[in-house]
Amino acid sequence: MGSMVSGKVVVVTGSGAGIGRDFALAFAANGAKVVVNDVSRGEAGSPGAADKVVSEIRAAGGEAVATSDSVAAPESASKIVQAAMDTFGRIDCVVNNAGIVRDRFFFNMSADEWKAVVDVHMNGSFYVARAAAPYFKTQSSGSYIHMTSTSGLIGNLGQANYAAAKMGVAGLSKSIALDMAKFNVRSNCIAPWAWTAMTATIPADTPEISPASRR
């Protein structure tokens, strides 16, 4: 990243662990101010996942603030963006990374399992992006980074909910890019692959794709 993000304010959803945490730490290490968002809360009296990442960033000399608001509802998603405005006075980038899985074969999938995944991945990406849009328009700058997946682009067993949501995120990103281009705002998708606590639930039937092979 170098100096590209120095002084910028970045919101990273789902950044208490996994890829999101790495995003947050990398942005901070390169001079960005980071809003670390994760719904995972610690037990009474102990810090939550976002607080732990903020402590890491501050210990390394960076600036960060934690929020445990959910992306899955418009009101709470707006609070995530507001945390950036309240703490740092602006917002320059949104990384829509928050995600969950509720893996089950399509013919056994419940409506609740479908809705839970779509609410976080697709609706959550819209809610957080939409909350940041007025600020991006006013300052005539900004960047969206949305996490899609090969599960959506190619398909995967037992992930109809996740695949549909991730394909929806790709379409959302393309339309945001078109709508926001005149305001000098970018919107892009990336489809990374990594073994995290979330992907550990996906069945692996060959040695090549098992978590043990990635250690």
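Asn 96 is found in strand S4, which spans residues 93-96; helices (H or I, at least four residues) and strands (E, at least two) are DSSP runs, numbered from the N terminus. The model is a predicted one, in which local features need pLDDT of at least 70 and side-chain atom pairs count only at pLDDT 80 or more, whereas totals for chains, interfaces and linings use all residues. Residues are numbered from 1 along each chain as its sequence is written, and side-chain values use heavy atoms, with hydrogens and water left out. The relative accessibility of Asn 96 is 4%, so this residue counts as buried (buried means under 20% relative accessible area, exposed over 50%, partly exposed in between, with a 1.4 Å probe and protein chains only). Leaving aside residues up to four places away in sequence, Asn 96 touches Thr 13, Gly 124, Ser 125, Val 128, Ala 129, Ile 145, His 146 and Met 147, where contact means heavy atoms within 4.5 Å. A separation of 8.3 Å is found between the C-alpha atoms of Asn 96 and His 121, which lie 25 residues apart along the chain.

The protein chain as a whole has 6 helices and 6 strands. Their order from the N terminus on is β-α-β-α-β-α-β-α-β-α-α-β. Of its 215 residues, 42% count as buried. Among contacts between residues at least 6 apart in sequence, 67% join residues at least 24 apart.

Two packed helices are described by the angle between their axes and the distance between the axes. Axes are lines fitted to C-alpha atoms, for helices over the stretch in contact, and angles run from 0 to 180 degrees between N-to-C directions. Helix H4 (residues 111-139) packs against helix H3 (residues 74-88) at an angle of about 45°, and the two axes are 8 Å apart. That makes H3 oblique to H4 (angles under 35 degrees count as roughly parallel, over 145 as roughly antiparallel, 65 to 115 as roughly perpendicular and the rest as oblique). H3 and H4 cross in a right-handed sense; a crossing is left-handed if the near helix is turned anticlockwise from the far one by less than a right angle, and right-handed if clockwise. On the H3 side the contact is made by Pro 74, Ala 77, Ser 78, Ile 80, Val 81, Gln 82 and Met 85, and on the H4 side by Tyr 127, Val 128, Ala 131, Ala 132 and Tyr 135. By class, this contact of H3 with H4 has 10 nonpolar, 2 polar and no charged residues (Ala, Val, Leu, Ile, Met, Phe, Trp, Tyr, Cys and Pro count as nonpolar, Asp, Glu, Lys and Arg as charged, and the others, Gly among them, as polar).

H4 also packs with helix H6 (residues 160-180): the axes come within 8 Å and cross at roughly 15°. H4 and H6 are therefore roughly parallel to each other, and their crossing is right-handed. The residues of H4 in this contact include Trp 114, His 121, Ser 125, Phe 126 and Phe 136, and those of H6 include Tyr 162, Lys 166, Gly 168, Leu 172 and Met 180. The contact of H4 with H6 comprises 16 nonpolar, 4 polar and 3 charged residues.

For helix H1 (residues 18-29) and helix H2 (residues 49-59), the packing angle is about 25° and the axes are 10 Å apart. H1 and H2 are therefore roughly parallel to each other, with a right-handed crossing. Arg 21, Ala 24, Leu 25 and Ala 28 of H1 meet Val 53, Glu 56 and Ile 57 of H2. These residues of the contact of H1 with H2 divide into 5 nonpolar, no polar and 2 charged. Asp 51 also has its place in helix H2 and, at 38% relative accessibility, counts as partly exposed. Between Asp 51 and Arg 41, 10 residues apart in sequence, the C-alpha to C-alpha distance is 8.8 Å.

A search of the whole structure finds 4 aromatic pairs; rings of Phe, Tyr and Trp (its six-membered ring) pair if their centres lie within 6.5 Å, and planes under 30 degrees apart count as stacked, over 60 as edge-to-face and the rest as tilted. One of them is stacked, because the rings of Phe 105 and Phe 107 have their centres 5.5 Å apart and their planes at 15°. Phe 105 is partly exposed, with a relative accessible area of 43%, while Phe 107 counts as exposed at 64% relative accessibility. The rings of Phe 126 and Tyr 127 have centres 5.9 Å apart and planes at 65°, so this pair is edge-to-face. Phe 126 is partly exposed at 41% relative accessibility, and Tyr 127 is partly exposed with a relative accessible area of 21%.
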